[in-house]
Structures are given as structure tokens and as C-alpha cells.
Amino acid sequence: MKEREIIEAQLGRVMRAPSTARTRCHLGLPIVVDVPPVLQDGSPFPTRFWLTCPLAHRRIARLEEAGGVRAWDARLREEPALRAALDEAHAAYAKERDALVPPDAVRGPTGGVAGITGDGVKCLHTHFAHHMAGGDNPVGADVAARIGPLRCPVPCVAASDGAVARNVAWSEPEP
């Protein structure tokens with residue numbers, strides 16, 4: 001199976017730029033991919049790391065649905081040291097992403113994790129992806145601890161008749 005086909009099957013859509021796996025699960029499948037700051041059509045893209053793992057995506061969506069973003073925003077207002085650590089994570093993210101923008105590219109949105117330019121948390125998925133890509137991100141680290149291990153008994157994608165698609169035998173394992 002080709003990596004692009006695997007990633008597209010995980011995402012359920014065609015990718016808008018070539019991406020490479022940054023981290024992998026125990027089955028060797030991508031969890032997080034690097035995304036270039038400029039897409040194939042020349043559009044700027046603020047998100048440097050993209051979560052592709054269906055299991056992580058599903059579990060993080062539940063955290064967001066339960067008010068996880070609002071809870072983190074409240075926590076950041078109450079804990080200045082945590083706020084400072086997240087500000088550092090946003091700055092490091094922006095610096096890494098912006099350093100990859102070609103000099104002749106159209107400059108678009110810039111900012112920290114998920115392109116955020118203000119205070120707070122925009123998306124738990126992107127903070128987790130940043131953490132998994134090696135970023136020192138307190139929100140992402142907390143999310144990782146909350147969603148438990150990503151140890152699927154069977155791969156989330158499979159090849160059939162020369163095509164790669166979501167594996168119909170895959171289901172979410174218990175955390």
C-alpha cells in the first residue's frame with residue numbers, strides 16, 4: 001500500500017498536498033502527518049501537523065463534544081504558568097511552520113497551533129497532533145493522556161482489489 005493511499009483512506013478524502021507520516025502506531029500506520037505550509041494549488045495552510053488516525057480522531061471528538069475546548073480555555077485563565085507554556089508552544093509551532101514557507105509563496109494566515117493568533121485553544125485534535133509530532137504542548141499532552149493508548153487489534157485501513165479503504169473489520173477498541 002502506498003502511504004498517500006493509506007492517509008487518504010484514513011481521512012476519507014483526497015489530500016490537498018503531499019504529506020509524510022510524522023508518527024506511526026504499533027501497526028505502522030500514520031497517526032500524524034506533516035503538512036506543508038503551502039498546498040499544491042498555492043494556498044497557504046496554517047496547520048503544520050494533521051491527525052489521520054481514526055481512533056484518535058474519534059476519541060478526541062468526544063472530548064471536544066464534552067466541552068474540552070471550553071474547559072481548557074477556563075483552565076488557561078486560572079493558571080498563568082500553563083498559559084505561558086501554551087504561549088510558548090504556539091510560538092514554537094508558528095516559527096517552525098513559517099520557516100518552511102517558500103520565499104516566493106503567497107503569505108497567508110500565520111499563528112500557532114491550528115493557526116491560532118489569539119488566546120486559547122481552537123481544536124484539541126491539532127494540539128494532540130502537535131504533541132505527537134514532538135511539540136512541547138501541554139494541551140496535546142493532556143489530550144494524549146485522556147484518550148488512552150492507540151492500540152487497535154486490526155489496521156484501520158486495508159487493501160482490497162488494488163484499492164486502499166477503511167477496513168470494515170476495524171472497530172474502536174476499549175481504552
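This is a predicted model: local features need pLDDT of at least 70, side-chain atom pairs count only at pLDDT 80 or more; totals for chains, interfaces and linings use all residues.
**Overall fold**

The protein contains 6 helices and 5 strands. Read from the N terminus, the order of elements is α-β-β-β-α-α-α-α-α-β-β. Along the principal axes, the C-alpha atoms occupy a box of roughly 50 × 45 × 25 Å. The radius of gyration is 17 Å, which agrees with the value near 16 Å that a compact globule of 175 residues would have. Of the 175 residues, 48% count as buried. Among contacts between residues at least 6 apart in sequence, 53% join residues at least 24 apart.

**Helix α5**

Helix α5 spans residues 124–132, and because 7 of its 9 residues are buried, the helix is largely enclosed by the rest of the structure. The buried residues are Leu124, His125, Thr126, His127, Phe128, Ala129 and His130. Their cover includes the strands β2 (30–34) and β3 (49–51). It also includes the helices α2 (54–65), α3 (68–78), α4 (80–99) and α6 (138–147). Just after α5, Gly134 adopts a positive phi of about 105°.

**Pockets and cavity**

| Space | Volume | Lining residues by class |
|---|---|---|
| Largest pocket | about 310 Å³ | 10 nonpolar, 6 polar, 4 charged |
| Second largest pocket | about 160 Å³ | 8 nonpolar, 1 polar, 2 charged |
| Largest cavity | about 70 Å³ | 11 nonpolar, 1 polar, no charged |

The largest pocket has a volume of about 310 Å³. Of the 20 residues in its lining, Leu11, Trp50, Leu51, His57 and His125 are the closest to its centre. At least two lining residues come from each of α1 (3–11), β3, α2 and α5.

The lining of the largest cavity consists of Gln10, Cys25, Leu27, Leu29, Pro30, Ile31, Cys53, Leu150, Cys152, Val154, Pro155 and Cys156. No charged residue takes part in this lining.

**Cysteines**

Cys25, Cys53, Cys152 and Cys156 are among the residues that line the largest cavity. A disulfide is a covalent bond between the sulfur atoms of two cysteines. How many disulfides does a search of the whole structure find? The search gives 0.

For a pair to count as a disulfide, the two sulfur atoms must lie within 2.5 Å. The cysteine sulfur closest to that of Cys25 belongs to Cys156, and at 6.6 Å this is too far for a bond. For Cys152, the closest cysteine sulfur is in Cys53, and the separation of 5.8 Å is likewise too far for a bond.

Cys25 counts as buried because its relative accessibility is 18%. Cys152 also counts as buried, at 11% relative accessibility.

Key
Residues are numbered from 1 along each chain as its sequence is written. Side-chain values use heavy atoms; hydrogens and water are left out. Buried means under 20% relative accessible area, exposed over 50%, partly exposed in between (1.4 Å probe, protein chains only). On a 1 Å grid over the protein atoms alone, a cavity is a set of points where a 1.4 Å probe fits but cannot get out, and a pocket is an open set with protein on both sides within 12 Å along at least five of seven lines; lining residues have an atom within 4 Å of a point. Grid points are joined across faces, edges and corners, and a volume is the space filled by probe spheres set on the points. Ala, Val, Leu, Ile, Met, Phe, Trp, Tyr, Cys and Pro count as nonpolar, Asp, Glu, Lys and Arg as charged, and the others, Gly among them, as polar. Helices (H or I, at least four residues) and strands (E, at least two) are DSSP runs, numbered from the N terminus. The radius of gyration is taken over C-alpha atoms; the globule rule is 2.2 Å times the number of residues to the power 0.38. Contact means heavy atoms within 4.5 Å.
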